[in-house]
Amino acid sequence: MKRNVKLSPSVLSADFTKLGEEIKKVEPLSDYIHLDVMDGHFVPNITYGLIIGEAIKRVTNVPIDTHLMIENPEMFVDDFCEISDIVSVHYESTRHLNRMINRIKDHDKKAFVAINPHTIVELIKDVIMDIDGVLVMSVNPGFGGQKFIPNTLNKIRSLDEMRKELGLTFEIEIDGGINEETFKSVIKAGADIIVTGNYAFSAEDPLEALRKIKEFVPD
């Protein structure tokens, strides 16, 4: 039976001089629009904040998938819950992960925990029963257009095995270096939500690029 793989194009790779038009290009095959929020502290880059998120919310009916790559997410998580369907907080960014998960759920939003490429999945086992998903970074967070780190496939497999053993339904999201050479392997490994930036927004036909992922059937 074909799995329903979801697509979450990252506007980090879009042309911001015509952001509304860029989003319209990918809308028909997008399950989410992905926001990469970076603060220049947790990661070595600054992208955009709530104002851009609110503007995107006004131009699309596609649910927003917000990835907070920021220090002190406690200060901003409530505001981003107002515009998002999914909010991902990094395991590495907060001492109060359970509190963050509960805050997101109090807004009736999906709470995801994000982990960096070299964070082992066992570190989030204590919260795995409480979350809606895990966002696996397959590049070192901070910049778009990086090369996929192959070892992150093992993280996807480990999470997939964990949810099967525990009878859980949390989703596995993958973010970083997803293109025509890598999307098949992450789907085969067990990923449910695929974040793609350059592959979609730099394509001559963004919808055709997304369709290849959407219609892929693993062996």
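**A tour of selected salt bridges**

Select Asp160 and Lys164 in helix α5 (residues 152–166): they are four residues apart, a separation of about one helical turn. Helices (H or I, at least four residues) and strands (E, at least two) are DSSP runs, numbered from the N terminus. The model is predicted, so local features need pLDDT of at least 70 and side-chain atom pairs count only at pLDDT 80 or more, while totals for chains, interfaces and linings use all residues. Residues are numbered from 1 along each chain as its sequence is written, and side-chain values use heavy atoms, with hydrogens and water left out.

Now display the side chains of Asp160 and Lys164, which form a salt bridge at 3.1 Å, N to O. The term denotes a side-chain nitrogen of Lys or Arg within 4 Å of a carboxyl oxygen of Asp or Glu. Asp160 is buried at 12% relative accessibility, whereas Lys164 is exposed at 59%. Here buried means under 20% relative accessible area, exposed over 50%, and partly exposed in between (1.4 Å probe, protein chains only).

Next, move to helix α8 (residues 206–214), where Arg211 and Glu208 lie three residues apart, about one turn of the helix. Salt bridges with shared partners join Asp160, Arg163, Lys164 and Asp192 into one network.

Finally, select Glu171 and Lys110, a salt bridge with its closest N and O atoms 4.0 Å apart. Glu171 belongs to strand β7 (residues 171–175) and Lys110 to strand β5 (residues 110–115), so this pair ties together parts 61 residues apart in sequence. Glu171 is buried at 13%; Lys110 is partly exposed at 26%.
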